[in-house]
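Colleague: Hi! Could you walk me through the model you have open?

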Amino acid sequence: MNLRIILFIAFGLGLAIQATAQDRASINGYITDSRTGETLLSANIALIEINRGTSSNNSGYYSITNIPPGTYTLMATFIGYQRFEKEVTLEPGQNLRLNVELIPSGIELEELIVESEADREEQRNIGRAQISTQLIKEVPSVLEPDVFRSVQLLPGVKAASDFSSGLYVRGGSPDQTLILLDETTVYNPTHFFGFFSTFNPDAVKDVRLYKGGYPAEYGGRLGSVLSVFNKDGNRNETRGSVSLGLLASRASIEGPYSRGSWMLAVRRSTLEPVLAVLRQNVDNVPDLFYFYDINGKLNFDASENDRLSLAFYSGTDAVSFPFLEDASIRLDYGNQTVSTQWRRIISEKLYSKLTVTGSRYFNEPRFSIAGTPFERNNEIFDFSFKGDLEYLPNENHSLSAGIWSGILTLRFQDRFDNQTTFNNRIQSTYLSAYIQDEWRPTDRWKITTGLRMSTFAEGDYLRLEPRMSVEHRLGPDIRLQAAYGRYYQFLTLITNEAFSGFDIWLTTDDGVPPSYGDQFVLAAKTTPFEGYGFDIELYYRTMRDLFELDPFISDASGLDYDELFRFGEGFAYGLELFLEKQTGRLGGFIGYTYGITRRKFPGFNADVLDNTRQGRFYPPKYDRTHDLNIVASYQLSTRWSTAAVFSYATGQAYTEPLGRTQFAGVPWGSGMRNAFTVGNVNASRLPSYHRLDLSFSRKGRFFNLGDAEWQFQIINAYSRRNIWFYNYDFDENPVERSDVTLLPIIPSVSYTVNF
Amino acid sequence: MNRLFLILPLLLLVTACDIYNQDEYEELVVVEAYLIAGRSLPDIKISTTLPVEREYSFENAALSGANIQVVLLDENGNDEEVFGYLSLTGRKGVYRPQSTTHTILPRRTYRLDIDFNNRPDVLTAVTTIPDQVQITNAVRDTVIYQSDEQLEILLAPTQKSQTQNIFVFDTIAGKVSVDNLTPFYRSLVVDGDTDLSDLIRNSSGLINEANFNINPDGSILLKYPWIGVAFFEDNQVVTNSVDRNLTQLIRSQDVQLGGSTLSPGEIPNLVYNIEGGIGIFGSISSDTVQTFFKRP
């Protein structure tokens, strides 16, 4: 296998080694924010006279090669920044290092702020969406600004409920989205048992979502990739911010030092005083509840061509409460990640990135009821090494290749009454390698082809994943795109929509093959009017060999590993529309999704009298035919701004009980046992979901020490009692149905000081 | 190409007409029978399901006119002995065996056959009786509640009728009163909405054999968890070994009530293992010991 991998990589690099004319010049460097020195990812840069351009990569680096000598106007643009223009003269054979600093809008107001289709081309690649940190902080959010809640507003992305920040992308379950923080896998990125994500908006620089048809650079998940990049830290001055909220408070500080920059951001729940008051009057209030997270980054510029960084994240949730007499529960869960990266400009044509990552997820619920303890311990350790190369042999090709290898250890142990009842430890090495070529045969065409190879030692699986996308520019305002990809997934998440604190990951193994699926995407990206963007995407995807914990297994003791799972299949298709207003005092977007997703598992959703138990396709709960989000923000004055989010979605699927019976003679226990009979699983729909959230912000000063902002929010402004699910009470005869509702109206306030 | 992009969304919408609809209530025949090793043939109850919006009582759902027989099968699956059933006078839907002499045999397979004089349904089911459970140690007369010395039970080796034995432990209280409840169960009754009567027989739920220490000779030593003790003082502790049908029925019923990884509102049918109808034709074997849980 090793020989095969070496050949694979050698093939990729071999393609890249081509002779080029020595009299051509090149220009390269980093594109940064002039105020903070933060690198800007996917910023556009071009030489106007010869219409040659590119965009900065995930490290903020750009390179334009094979330029005929001469004098040109170098232009760089990025959303929210002023256009950068500079005359450059390139001599034959010259390699000009030019770092570009873009000035944020609002600093020099008389300057024209350029926000055009060209600025967003990279962000609007097929299947891709980008969320700005400004939007995350601006849109109304329940208790805390949240990356995931903001992402859920995009077409194709759905939330399971008000209580879940899980990402259901294009009909996939949350485990089908690879979540990366500074290129490190995060296994349970939630706080407050799933209510919001662990990513602290103060620390986040860039959030990009590949909803589908994602490139060969990424792998390991059937559906999508969410990549979060933390800030590098301010390279010009020491700055900080403090934000006080009802649920949690945040503080961050960042600054330069002689060889680079640093950043530290902390967030901690501040509910303890509220709980202390509640404890006086209300039963079953937790005697312990907190969560925190810490993000840090240190950048070291070793030389002009070498940049090193060390990033870490640590977050924990802990809750403990007694209930009734002689019973208690304690739950601790969290993640820790660390990554170190070396980015090197090897030449004007070759850029490399080496990354070492470590990720730990732990989940430790403990119950004690009537003197009998129950304990569970689920831990994941994932240590990996990544190497990526980007090579620009000529103006038509951009090659990239890389490997990602690591050791994944999963431990899952159950103890009951001080005795181990289930103990499973899986340790597997994994290795993936990819090669990708972006070919621009003409100005109108862009063809990206790639191949990814993935291996997983546990079960001895090797899989190949071809990827391809084609883009054709019909005119200055319209681009047509198509993509295909095959994707494999070696992990599955055991989760409960209502509560992510008990999430467990399991892997493939002998008898448990990896899931796989194909994705087909068609898209049109248009600019109907100046300052507006209108995108259409169509997708169809398959899901095969889906493996998930069999819900009918309540006791895993004594079962072989493959007996824990049920194996199924699924598909999803849909249409996404996205209209965005990019300029002016009124900004925002309208996102609409028409989506269908189905699953099938043997024996599940079978006809009740069908003893062969042939499973039938059914919609999972999160299947929502229509989904609409309208996000708008308006700058009322220099001090006041407002934002609103309106969401509408088809009611979620649920199963309507049709008949009932009773078992009175079960030879143990005291009570009657009731049972429903149902027809098609999830064939009924809850009432439609809709909600309006409002936010008002007022900017000011904090005792001349810094800028300050009050934010007032009203979640669910007209207090729509959206339904989460129906509860059936068998104690009543006939059975009574009651609504379990989602969030009522919730006002909140926060105060932030930037210094 | 422009036209293609206009046509494709329309095509998708047209072809996407959702044919997955909510179906209607269907009346099903329900059978309920539990065979217990070492005991005589049980009564069998036959009824139908009722629409969920109707008030339920067995009397309203009971079915008359059933022809029932239970057949003891030999090791080749052929009929060895047939036991007829008759409708019990005055109790519609309850059928009693004509034989009072036959004792249910452990490790043997029985088949249930039902048809009706007045409806077309035909039901069949089989169960294999678990091997006889035997508690072989001398259980202590008195155990101090939540002390270090838990009640220990030693189960004799058994032959498996499924991949592994599945057990349920049942604690049957001798003296039922609120004052006699252990603290946790007392708060369930006093502070919660649990009826005292629901705790008279306090059961453990289904437990796989692999949860316990299995000795080299195949016997199983288990320490009885304190959570099983709802009342102080005299209690009978029953160890039941449960067949596959009953195991699947109870586990699937727990799932239907929401105790699994399924999303809230995603309700599956129970697993019945009956052809032509629903319900349970299950079996157990059991053994009982007596002890006294003393207040600490």
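Predicted model: local features only at pLDDT ≥ 70, side-chain atom pairs only at ≥ 80, totals over all residues.

Colleague: Thanks! How many residues of chain A are in contact with chain B?

Modeller: There are 72 of them in chain A, and they meet 78 residues of chain B.

Colleague: Which strand of chain A gives the most to that side?

Modeller: That is β40(A), with 7 residues. Several strands of chain A supply at least two residues each, including β31 (491-496), β34 (532-549) and β45 (723-729).

Colleague: And what is that side of chain A made of, by class?

Modeller: The side of chain A that touches chain B has 41 nonpolar residues, along with 22 polar and 9 charged ones.

Colleague: Back to β40(A). Which strand of chain B is joined to it?

Modeller: Strand β3 of chain B, residues 50-51, is joined to β40(A) by 2 bridges, and the two run antiparallel. If you want a pair to look for, A:G659 has B:P51 in β3(B) as its bridge partner.

Colleague: Nice. New topic: how is chain B divided?

Modeller: Chain B has domain 1, covering 29-128, and domain 2, covering 142-269 + 284-294. Their C-alpha centres are 27 Å apart.

Colleague: How many residues of these two domains are in contact?

Modeller: In chain B, 7 residues of domain 1 are in contact with 7 residues of domain 2. On the domain 1 side, β1 (29-36) and β8 (122-128) of chain B each supply at least two residues.

Colleague: What classes are on that domain 1 side?

Modeller: In chain B, the side of domain 1 that touches domain 2 has 4 nonpolar, 2 polar and 1 charged residues.

Key
Residues numbered from 1 in each chain as written. Chains lettered and ligands numbered in written order. Helix = DSSP H or I, 4+ residues; strand = E, 2+ residues; numbered from the N terminus. Nonpolar A, V, L, I, M, F, W, Y, C, P; charged D, E, K, R; others polar. Pairing = 2+ DSSP bridges. Domains from an automatic or database assignment.
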